[in-house]
Amino acid sequence: MSFEQRLKRLEEIVGELESDQIELERALALFEEGVACLRAATEELGKVEAKVQRLVERADGTFEVIDVRE
């Protein structure tokens with residue numbers, strides 16, 4: 001599942017959880033699925049960010065995050 005698909009699924013889960021007519025068992029299953037989707041999306045986002053940025057040390061000892069594509 002792609003990052004975008006996970007975000008879409010999370011939106012669907014939130015929409016269903018906001019319903020007044022949801023049963024407790026269904027709500028719990030959706031919550032568990034949502035947590036799993038969120039963890040997977042967060043992990044994927046972290047990997048992508050690591051590819052795009054890197055931390056470099058300047059001559060004065062401070063650090064700067066730069067775009068790898070530079």
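Biologist: Among contacts between residues at least 6 apart in sequence, what percentage join residues at least 24 apart?

Modeller: This is a predicted model, so local features need pLDDT (the predictor's confidence in each residue, from 0 to 100) of at least 70 and side-chain atom pairs count only at pLDDT 80 or more, whereas totals for chains, interfaces and linings use all residues. Residues are numbered from 1 along each chain as its sequence is written, and side-chain values use heavy atoms, with hydrogens and water left out. A contact means heavy atoms within 4.5 Å. Among contacts in the chain between residues at least 6 apart in sequence, the share joining residues at least 24 apart is 30%.

Biologist: In what order do the elements of the chain run from the N terminus?

Modeller: Helices (H or I, at least four residues) and strands (E, at least two) are DSSP runs, numbered from the N terminus. The chain has two helices and two strands. From the N terminus on, the order is α-α-β-β.

Biologist: Which element has the lowest mean pLDDT?

Modeller: The chain averages a pLDDT of 87, and 86% of the residues score at least 70. Where pLDDT is low, the predicted coordinates should not be read in detail. Among the elements, H1 has the highest mean, 95, and the lowest, 68, belongs to strand E1 (residues 53-57).

Biologist: What percentage of the residues in the chain is buried?

Modeller: Accessible areas come from the Shrake-Rupley method with a 1.4 Å probe, and for residues only the protein chains shown count as cover. The accessible surface of the chain comes to about 5900 Å², of which 55% belongs to carbon and sulfur atoms. A residue is buried under 20% relative accessible area, exposed over 50% and partly exposed in between. Of the 70 residues in the chain, the buried share is 14%.

Biologist: Is arginine 6 buried or exposed?

Modeller: Arginine 6 has its place in helix H1. Not counting residues up to four places away in sequence, arginine 6 touches Met1, Cys37, Ala40, Ala41 and Glu44. Because its relative accessibility is 15%, arginine 6 counts as buried.

Biologist: Which residues does arginine 9 contact, leaving aside its neighbours within four places in sequence?

Modeller: Arginine 9 is found in helix H1. Its relative accessible area is 19%, so arginine 9 is buried. With those neighbours left aside, the residues in contact with arginine 9 are Arg26, Leu30, Glu33 and Cys37.

Biologist: How many salt bridges does a search of the whole structure find?

Modeller: Side chains of opposite charge can pair when their charged atoms come close. A salt bridge is a side-chain nitrogen of Lys or Arg within 4 Å of a carboxyl oxygen of Asp or Glu. Over the whole structure, the number found is six.

Biologist: How far apart are the closest N and O atoms of glutamate 12 and lysine 8?

Modeller: Both residues lie in helix H1, four residues apart, about one turn of the helix. Glutamate 12 is partly exposed because its relative accessible area is 37%, while lysine 8, at 52%, is exposed. The two form a salt bridge whose closest N and O atoms are separated by 3.2 Å.

Biologist: What distance separates the C-alpha atoms of valine 14 and alanine 27?

Modeller: Valine 14 lies in helix H1 and counts as partly exposed because its relative accessibility is 44%. Valine 14 and alanine 27 are 13 residues apart along the chain, and their C-alpha atoms are separated by 9.9 Å.

Biologist: Which residues make the nonpolar surface patch of about 280 Å²?

Modeller: Patches are made of residues with over 30% relative accessible area and no salt bridge; like charges are joined within 9 Å, and nonpolar side chains (Val, Leu, Ile, Met, Phe, Trp, Tyr) within 5 Å. One member, leucine 17, lies in helix H1 (residues 3-17) and, at 31% relative accessibility, counts as partly exposed. The patch is made by Leu17, Leu28 and Phe31.

Notes:
Buried < 20%, exposed > 50% of the residue type's maximum accessible area, 1.4 Å probe, protein only.
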